[in-house]
Amino acid sequence: MLDESAELSVSITQIVQRLKGTHLHSQLEKQAKECLHKPEIKLETLKDDVRRLLKASGWERKLQNAVYRELHILPPPGHPRAPPEHTKEPLAYMCKAQVNWEKRILKSLNSMCTELGIPLARKRPVPEQKELTNKWNEMGTDEPDLSKFRPVYAPKDFLEVLVGLRNPNNERSEDLTVRSHWGLIQVSLNVRNIPQMREMYPELGLTFGQLGIDDHTHVPPDLFESEHIHIGKKVVSEQDSAAAQQYSRQGCPTGLRAQLWSLILNTTNDPEDITHYEQLKARVIHHALLVDNLIYKDVKLTASNDDYYFVFEDYLYQVLLCFSRDTSVLEHFNYNSATPPKSCIQSKSGSEQSAVVYPPNGVIPFHGFSMYVAPLCFLYNEPSKLYSVFREMYIRYFFRLHSISSLPSGIVSLCLQFERLLQSHLPQLFYHLREIGAQPLRIAFKWIVRAFSGYLSTDQLLLLWDRILGYDSLEIVAVLAAAVFAFRAENLMEVTSLASAEAVLADLSTLKMKESHIGLELPEGALYSKDPYFVQAAFSPMNFSIMHDPRS
Amino acid sequence: MQVVFLTFSLTRAPKPQPQTWTGQHEKFIPAGILPCLGLSCQDKDCTPYPRYNTTVPLRDNYPPRQHSSLNPTSSVLRTLDRRHRTRREGRNCIRYRCGLTNTIQDVLNQRPGWVEVKEDGDWDFNWCDVGWLRENFDHSYMEEHVRICHFRNHYELTRKNLMVKNLKRYRKTLEREAGRMEAAKCDFFPCTFVLPSEYHIFVEEFKRSPGSTWIMKPVARSQGKGIFLFRKLKDIIDWKKDGSRSEEQKDEAQVESYVAQRYIENPYLIAGRKFDLRVYVLVTSYIPLKAWLYRDGFARFSNTRFSLSSIDDQYVHLTNVAVQKTAPDYDPEKGCKWQMQQLRCYLTAKHGFETVQTLSKEIDNIFIRSLLSVQKTIINDKHCFELYGYDILLDQDLKPWLIEVNASPSLTASSQEDYDLKYRLLEDTLHIVDMEGRLTGKEKRVGGFDLMWNDGPVYTDVGLEALGSSCLVANTHLGCVNDRQKQLQQLLKPFPGQKKT
């Protein structure tokens, strides 16, 4: 094991390495040079004076935010002798499963290609380019025939893969715990139990004020709210990523959320970002990809049919098409257990040099992918801004929801966490559902894979994502999924089939974390007493425990 | 039948009139008809009226029989004195008539203790269409407790030409009495002229602003029928002579007037799409004016992308669901509505809390001014209430514009969500109309309805949020959370004869 200081110095070197040569770096240099012309700079105290000036002009904060961002995406330093793949995924059987899964996806994509006789990529003829340029803002009005295309995979297929995961070390051992046979996930990973979560999420305790969540604090909720908004404005004016992240743990006010999120994610909308976006757009216009059809199909199948998101159809095409061309996304494969798929350029097929990543960003969209973008359309108007926020969200969080890995925020851990929570706190319910062939994960998996996008109403979803950003973890998604079961436990105990259990949980749009409008009465926490299956004490530190479900 | 009835009346004639009889129009009326005539009534306390059986022994504790005519076959309305009956039996059966076959029918049907009456039966509550009102209202006698869902001359506000006439007049009065500033608060409707009568002023105005777009609407039709856009005078001249119009349209054109309205060319767009707002306002009295604003409502999106260049494509411009439904690529599964909460949340996310607050204040202003503009024109009648559907358009600067007011807002639901909204809306409407006598009359909120105007502006009770600020906060919550179920539970006494659950 590395000791702490060595670990730190490794991280510092890595970060310095990464920030060198960035736009920020050159800007900082430029600013420092400009400082030299100022009269208050003295040669004797040059270093301090320049520092002071950079601090005063806000550049130090920008550097801080950039470092903070790097810390987020930096893989934890491993053993110096460990091969680099280990930062992607240390467990061999997980790696293998991921590789096999990727092979399946590619096979499916390839067979679609051959079947339909459509190339993976082609240059658009000039008239088509012109047409697309004109149509850029209304791509949704196009009604291409997509009946032949099918999503490469759906969450359901992915769940089967996860269910099939086995740790070869455990396979022959006879002392499998009773508990591990209960659920669908059969591998043992370390997931937090409730006391550990209490430690991890102190701000979600019942004694803390929560925006968007009914609470039992001594401070009246509306006083808390106006105070919270006040602090939020201050955080925004300070432009401090770390503060914004801490703030987000208690929920962002609707009016400040867009600013706070882009602060947390350190996404700017500088001319460089806009240029980058325009370049991606140009790439979309020049070349057509097979995945474009998959994107079209997915948007049509999901967002366009959604009661809320249908309006944003055009934005979704713009963002997702640009995303597929963005090679800077490839960087996240350094810490993602997945490996970008490669394809060969036709003319020199076979030779290693001609292999290229396909699609250029290395991410093959699946059924429901566009729902990662849809809620963000609620916050950002300018496509370039929307784009950079989405990209950052993806490379920090969303990729974990469809890559097989043993990471604590990875999909396998989330599924396991979900099952464990239900098993330990609602054992009767879990047993009942399992007996009737309605394994809870079969129902909850789709929620988890989409981080609830499209299942919760938008305002509630954004409150949930506040916490994802605030704690830099997707764990809360698993906890919420368990909470949903807890809230509908009474009804679920009465069902006798998977179909009827699904029916009970089909509509989550009425679920409220809390109704958080200024000037309105807040619902009472009266609901606990009614619910015999609900163990308030067990869940009390988690935010879902105070969710308000009008149906119960 | 008449004979039988007279016989029956004679047997009861000597009975003295009850003291509670306070109606204004009644002649001498023999008592004796039981309150509930509906044979389909399931209420066991509600004995069917023994119409043809004169030998039924009469009990002294029967509530007084009341009807307005000696002739039961006439369409004259007979009803019961509710207060009297309630006092006697502690429970009530409300007979309703419903002229529409949509959500309202379900709401009435499922209301505990309410019973539908057949074609000519007596009713206590009538949800009629405006056609029925026109034919029957003036011949009807209504007792005090009876309620009907339109005011006699509701069209003063809901016909496009009359609305504009009333608003213009109101604006003038304000300018004279309160000054220009006050009058400017009425500038929430686009420049509008009634054709053919104001054709010459219209042409003058039209020529003053070359290149602008105008919209032509038939005054009395709804749901986007007969609407078109134009930019050249030639277009409407052609339209006037257009021989290709169907016979039916031609006939109507003889009597039908149109309004020409300046088209709002910079609507607020969400993801490139135009939308308008449908907001529900309930008026229970004009003198004094008492109006309620419903929290829910929706934004209706145009299915296609907005651009002024596609002026011929009326689907782009009209956000009426009725029009959108006929658009070639309309997909009913998709729907094109957002709930008001969704819109408010979106606008707050984009423009901040204060901006949205200002916007809703301006929207309130539209409701109040438009109602005040017809306050003296509408024939106030304590039997009447009216649920208006306001169509509001926002422009790029988030200024709200009044497009039109509907007296019979579409209650046909386009989706489950829409159905639920309308169901809630109508339920709450019935709560406020309060046939069951469950309210005190002093409520500021009933379910999803917030009292907006009660002979003057209504403010929220000073709550914690108002501490520290001395300004008054309007009592309206358009697009805010509608936790009506809970509020109603606290507010309402249980239905007569029902236990609180």
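Of the 501 residues in chain B, 56% are buried (under 20% relative accessible area, with exposed meaning over 50% and partly exposed in between; 1.4 Å probe, protein chains only). The structure is a predicted model, in which local features need pLDDT of at least 70 and side-chain atom pairs count only at pLDDT 80 or more, whereas totals for chains, interfaces and linings use all residues. Residues are numbered from 1 along each chain as its sequence is written, chains are lettered from A in the order in which they are written, and side-chain values use heavy atoms, with hydrogens and water left out.

Chain B contains 16 helices and 16 strands, assigned as DSSP runs (helices: H or I, at least four residues; strands: E, at least two) and numbered from the N terminus.

The largest nonpolar core comprises 246 residues, of which Phe452(A) and Trp338(B) touch the most other members. Such a core is a set of buried Ala, Val, Leu, Ile, Met, Phe, Trp, Tyr and Cys residues joined through side-chain atoms within 4.5 Å. Helix 23 of chain A (residues 475-487) supplies the largest share of this core, 10 residues. Beyond its neighbours within four places in sequence, Phe452(A) contacts Trp447(A), Leu461(A), Leu464(A), Val477(A), Leu480(A), Ala481(A), Val484(A) and Leu508(A). Another core, of 14 residues, lies apart from the largest one and includes Phe193(B), Tyr199(B), Val203(B) and Trp214(B).

In chain B, 4 strands form an open antiparallel sheet in the order 5-8-6-7; two strands are taken to pair if DSSP finds at least two bridges between them. Neighbouring strands are turned by 25° against each other on average, direction ignored. Strand 5 of chain B is joined to the antiparallel strand 8 (residues 258-262) of chain B by 4 bridges, and Leu195(B) stands opposite Tyr258(B) in strand 8 of chain B. Helix 8 (residues 199-208) of chain B packs on this sheet, touching strands 5, 6, 7 and 8 of chain B, and its direction makes about 140° with that of strand 5 of chain B (axes are lines fitted to C-alpha atoms, for helices over the stretch in contact, and angles run from 0 to 180 degrees between N-to-C directions). Helix 6 (residues 160-178) of chain B lies across strands 5, 6 and 8 of chain B, at about 130° to strand 5 of chain B.

Over all chains, 54 aromatic pairs are present (Phe, Tyr and six-membered Trp rings with centres within 6.5 Å; planes under 30 degrees apart are stacked, over 60 edge-to-face and the rest tilted). The ring centres of Phe398(A) and Trp465(A) are 5.1 Å apart and their planes lie at 50°, so this pair is tilted. Both Phe398(A) and Trp465(A) are buried. The pair formed by Phe202(B) and Phe230(B) is edge-to-face, at 6.2 Å centre to centre and 75° between the planes. Phe202(B) belongs to helix 8 of chain B and Phe230(B) to strand 7 of chain B, 28 residues apart.

Conventions:
Contact = heavy atoms within 4.5 Å.
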